[in-house]
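Here is a short briefing for a first look at this chain. Begin with the structure below, then read the points by topic.

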Amino acid sequence: MTGPASTSASGAGGAGGPSTAEQPWPVRVVSMKISQWIDRLGEVWVEGQITQLNRRGGGTAFLTLRDPSANVSLQVTCLPAVLDRSEVPLNEGTQVIVRGKFTYWAGRGSLSLRITEIRAVGVGELLARIERLRQLLHAEGLFDERLKRPLPFLPRTVGLVTARASAAERDVRSIAEGRWPDVRIRAEYATVQGPTAVPQLVAALRALDADPEVDVIIMARGGGSVEDLLPFSDETLCRAVHAARTPVVSAIGHEPDNPLCDFAADVRAATPTDAAKRVVPDVVAELERIAELRQRAASALRGWVAREAHTLEALRSRPVFAHPLRLVDDRAEQVERLLRDVRRDVRRTVERESDGVRHLAARLTALGPAATMARGYAVVQKVTPDGENPVVRSIEDLAPGSQLRVRVPDGAANAAVMGVKKISVRTEEEQ
């Protein structure tokens, strides 16, 4: 800037040097510097989602671009002819790429993007961007099957994230209540398409996840185009689904539709109706299954009892159980027989030994001194003072006058040695 403004700024003592408390910059200088810095940025390409579009009667159209992944917006201006040159109709919620240059309006201190070209993002490009995001989230582990949580068999309360009075809500409620009349459904309503869909969906999901009574959450939406289902492929929503502590069922669109929420959720359902069937068990089918299981259990029990009864009957028919004392009787007879044999053997042994004793006694009697004396012999003992009275075996044991004791079979007599006479054995034999 030149002229009076520049001179006045220099005179203020600060336009060319740093700003200090003693030499502050005037507002016009600050605005000038901001404008210079913004002007250096040049032309840029910006991607966003149209949230507001106003074609005023004058020569300027006003738009608001919003970042789908963050609560950030940007004011855009252009000529109405720029909008008319677009190949597809531009409406609120359309994803676009624009080229323009930023302009700083010093009078009101505002910044806007003046665009000269606008392009609606095509389906092919949207799908490519979704695929790149899918690969990124998959690499981070958000789609890992090992992290998927199982659904509860009978949830106390089913959380439902959907649009108010939508066909998806009617399908989920009718199917769930038809399968289990006592089921409770807590619905959190949100916009399911457009620039405000992602924040509302995330808020609804977090509200249900924070409720301890909610055991499972269904995110439901009917079918639509790729652009309509774009919020359900948003990175912020996918991360919110992955971070939820409550199991999440994704029921977005129809069978061919595959938004990224399907991969981040714990269970993917083909349709909202399918989601209700997966989450809520069929009471009729469960009762039939219980009846069938009870019948099978009763049949199995009767079969087991019959088998055990047959086994007991087979055991009872065995001889050892049919006549349990037969073995004792057989053993008793054997014992009696053995006792008789033992007694007989003992008697025989006693008799045999008794005969031997009698024979030995007879031999002792025949060989004993009593038998010898009975044949006319006598036993002569020498009477000694010590009372031992040894048997006289030789005349050398006798001295005249010795006292003797003569024992005969029927008694004993005392005698005295009057004299001794030695006789030779040969002479005795001759006599």
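Ala165 sits in the loop between β6 (157-162) and α5 (167-179). Helices (H or I, at least four residues) and strands (E, at least two) are DSSP runs, numbered from the N terminus. This is a predicted model: local features need pLDDT of at least 70, side-chain atom pairs count only at pLDDT 80 or more, and totals for chains, interfaces and linings use all residues. Residues are numbered from 1 along each chain as its sequence is written, and side-chain values use heavy atoms, with hydrogens and water left out.

**Positive phi outside glycine**

- Ala165 is not a glycine, yet its phi is positive, at about 55°.
- Ala165 counts as exposed because its relative accessibility is 59%. Exposed means over 50% relative accessible area, buried under 20%, and partly exposed in between (1.4 Å probe, protein chains only).
- Asn389 also has a positive phi, near 50°, and is a residue other than glycine.
- The loop between β11 (379-382) and β12 (403-408) holds Asn389.
- Asn389 has 21% relative accessibility, so it counts as partly exposed.

**Domains 1 and 2**

- The domain assignment gives domain 1 (31-121), domain 2 (130-281), domain 3 (283-338) and domain 4 (376-408). Such bounds come from an automatic or database domain assignment.
- Between domain 1 and domain 2, the C-alpha centres are 34 Å apart.
- Their contact (heavy atoms within 4.5 Å) takes 8 residues from domain 1 and 7 residues from domain 2.
- The two domains bury about 550 Å² between them, 48% of it on carbon and sulfur atoms. Buried area is the accessible area (1.4 Å probe) that two parts lose on being put together, summed over both.
- On the side of domain 1 that touches domain 2, strand β1 (residues 43-55) gives the most, with 3 residues.
- That side of domain 1 divides into 2 nonpolar, 5 polar and 1 charged residues. Here Ala, Val, Leu, Ile, Met, Phe, Trp, Tyr, Cys and Pro count as nonpolar, Asp, Glu, Lys and Arg as charged, and the others, Gly among them, as polar.

- Asp266 lies in the loop between α8 (260-264) and β10 (267-268).
- Asp266 counts as buried because its relative accessibility is 11%.
- Not counting residues up to four places away in sequence, Asp266 touches Leu147, Lys148, Arg149, Thr246, Pro247 and Val248.
- The side chains of Asp266 and Arg149 form a polar contact of 2.8 Å. A polar contact is a pair of N or O atoms within 3.5 Å; within protein, one must be able to donate a hydrogen and the other to accept it, and residues adjacent in sequence count only if both atoms are side-chain atoms.
- The Asp266 side chain also reaches the backbone nitrogen of Val248, at 2.9 Å.
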